[in-house]
Amino acid sequence: MPRNPIVKSSLVLSFKKELLFFLVLLWLHPAFAYRIFVSNEKDNTITVLDGASLKILQTVPVGARPRGIVLSQDGKSLYICTSDADHIEVLDLASLTVTRILPSNPDPEFMALSHDGKTLYIANEDNSQVSVLDVAGGRITSEIPVGVEPEGMAVSPDDKTVVCTSETTSMAHFIDVATHTVIASVLVGSRPRFAVFTKDGSKVWVSSEVAGTVAIIDTATHKALHTITFNLPEVPTASIQAVGINLTDDGKTAFVDLGPANRVAVIDANTYAVKTYLLVGQRVWHGDFSPDEKYLYVANGISNDMSVIDVQDLEVTQSVPVGQSPWGVVIAP
Amino acid sequence: MRGCGGNPGSLVHLAFAALFLLPTIAQAGQTITIDYVTLNTPLHIPSAALEAPPSDTGLRGADLAIADTNTTGRFTGQTYVLHMITEHDQSALVRDFAQALAGGQRLFVTDVPASLLLTLADTKGASSAILLDATSEDDRLRGPDCRANSLHLLPSRAMLADGLMQYLVSKGWTRIMLLTGRDPEDALYAAAIRHAADKFQISIEADRPWSFNPAAQQADTGHYQVNDEVVKATQGVSYDVLVVADEAGNFGDQIAYRTASPRPVAGTQGLVPSAWAQPMDEYASTQLQLRFHRMAGRWMTSRDYGAWLAVRSVGEAATRTASADPSRIIAYLRGPSFTVAGYKGPELSFRAWDGQLRQPILLADSNSLVSISPQPGFLHQTNDLDSLGTDAPETTCHATP
């Protein structure tokens, strides 16, 4: 999702009245409106909300157990892992109908799209492999054996490396895209769930659900540089489970969703120090930023709602009911 | 998902972070052999068995864990092999075990009765081995009869009873009636229930033996007779929950709906506290349940779960130490860094004072997961899981590794 360069550069200018007015006009312009898509694991729907009003525009029925969702490169479609239907559904974002079914191999849980938009890398949780899907051709071109219960998937900014986390094996596997082979496997805390590359591709952040930690892995040496732990005296240690991670575009801040601790940790991405914890809904899973990065929207799997976090003020401003067991969030035009 | 920000780490950060480096992956070509020691005993068929219990419960859990750890092993250069030591006769099993020890084997998963486990643990040469007890629930093995070379994967009866009592407290159902069968194991289960009731201030309004021969159920119209007997055994008492102690399933399935007062049944039947249960579907356990079912053609039992955990624990220790050396694996299993993910939420680890794996207790009937203990609010100063079973200050285990 490319950020809006006009809004960004405006922020550094002084707040002249005219400029402010101009900004407001820009904001109201339809091109800057956005919608929020939330996958609901238990009622087999995608909730579509208006980004400005947070009103539900539509609830779209999809295949069984929708979990991981990813926006297509052109921003016109949403790829949906319908885990129990054993395929990927393509939701056309103009008509809000499923227009295409893509093969995925059994139990697709999560996937990552190459930056050229051509290839989906799909974690098949039940059979310990990553499936490589040629999106245009609609076919699986390769299957790569990984550890037990693969889940987290991430593609490097240069599209040359894919990282897959396998939960029971407790590893982050680095897959060479050219050869489709695992070139390194890095041990991390128990049940690694999610991986994300930094913008410069030099590091990968990997969250571990059961260990309740986040490992920062150097992509050149395949070594863990640092492990972030979380300290919440008022929460039972077992409830601190790291899941989704969102890194701000400026590389300064990370938001880590802490599952049944019902909190999102805010981390200084340079020092790895936890700055604060934000109280959100129950069992917070995954999230996504608004295009201007003013807000982070996170899905709460047990309280069936979505929390809205003000990124600047680090406050939870609102919670919005969505479907049953919301899992993933994607922002799209 | 969204693009992400980057930052070049400073040298100071790198140096600091180096302190937290995780262990590296093992050298290629290591083989870790685990011996599965089991006594081939005749199957006991419970009175209400609609289908025969599986004959390979326990072992199939170990098989699945071997497959799981070998998937991991592909990336660590480690291969795991399960070697069977199985006999019909106890003395033959002890002999085979001693031979394995003499041959240098040190990693054992045991699926044997408590008394036999003690014989194995006390065998000459076994002190440098580890016996991962996959199937026993006996408190004495974690107490006065504990052994320094044994670790216990399944919850003790004390933990099961505490898990149930915590739930009853959370519901405000604080008066129970206890109905105990005639088997020696039933007496042990009942003792654990009494101890837990005392600990959580649950009052036992009546504590009665069950002596009726349940075979009557199998005769036509026998159910009238069973119903009369259950009424007789449960009348004249005011209580909230009937707790049955019938580990072999001789009568416990024929109590519910027949009691004098309409009261729920819990314990070995009804609402059962257990290590594992078929309706369990939280904490990603669906993955484990389905993986097991695909392999074994049946659902995972607690004994399968215990054996799965035993082999997974060895796998975890071998992966984390990047070693196939049994002494390093054993030291890691016993050390403070060891944890294993058990699909029940928190990381599981062994209690230093008695070798018991601390873990949540599932509370389920045959078709639904009712709750998981520890219940919210039952706190412990170091680990809430230690609100279940015997804590360090009360331990009667004095073996030191």
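Reader: Which residues are buried in helix 6 of chain B?

Author: In this predicted model, helix 6 of chain B covers residues 184–199. A residue counts as buried if 20 or more other C-beta atoms lie within 10 Å of its own. By that test the buried residues of helix 6 of chain B are Asp186(B), Tyr189(B), Ala190(B), Ala192(B), Ile193(B), Ala196(B) and Ala197(B).

Reader: Within what arc do the buried residues of helix 6 of chain B fall, seen down the axis?

Author: An α-helix has 3.6 residues a turn, so residues three or four places apart point the same way. The buried residues of helix 6 of chain B line one face of the helix, because, seen down its axis, they fall within an arc of 155 degrees.

Reader: Against which elements of chain B do the buried residues of helix 6 pack?

Author: The packing partners of these buried residues include one helix of chain B, helix 5 (157–171). The strands of chain B that they pack against are strand 6 (175–180), strand 7 (203–209), strand 8 (241–245) and strand 9 (265–267).

Reader: How many Å does helix 6 of chain B reach from its first C-alpha to its last?

Author: Helix 6 of chain B has 16 residues, for which 22 Å is expected at 1.5 Å a residue.

Reader: Which residue just after helix 6 of chain B takes a positive phi?

Author: The positive phi is about 55 degrees, and it is found just after helix 6 of chain B. The residue that takes it is Gln201(B).

Reader: What is the radius of gyration of chain B?

Author: Chain B holds 10 helices and 15 strands. For its 401 residues the globule rule gives 21 Å, and the chain's own value is close to this, so chain B is as compact as a globular protein of that length, with a radius of gyration of 23 Å.

Reader: What is the radius of gyration of chain A?

Author: The secondary structure of chain A consists of 2 helices and 28 strands. The globule rule gives 20 Å for 333 residues and the value for chain A is close to it, so chain A is as compact as a globular protein of that length, its radius of gyration being 19 Å.

Definitions and conventions
Residues numbered from 1 in each chain as written. Chains lettered and ligands numbered in written order. Predicted model: local features only at pLDDT ≥ 70, side-chain atom pairs only at ≥ 80, totals over all residues. Helix = DSSP H or I, 4+ residues; strand = E, 2+ residues; numbered from the N terminus. Rg over C-alpha atoms; globule rule 2.2 N^0.38 Å. Expected span 1.5 Å × (residues − 1). Buried ≥ 20, exposed ≤ 12 C-beta atoms within 10 Å, placed from the backbone. Arc of directions from axis to C-beta. Contact = placed C-beta atoms within 7 Å.
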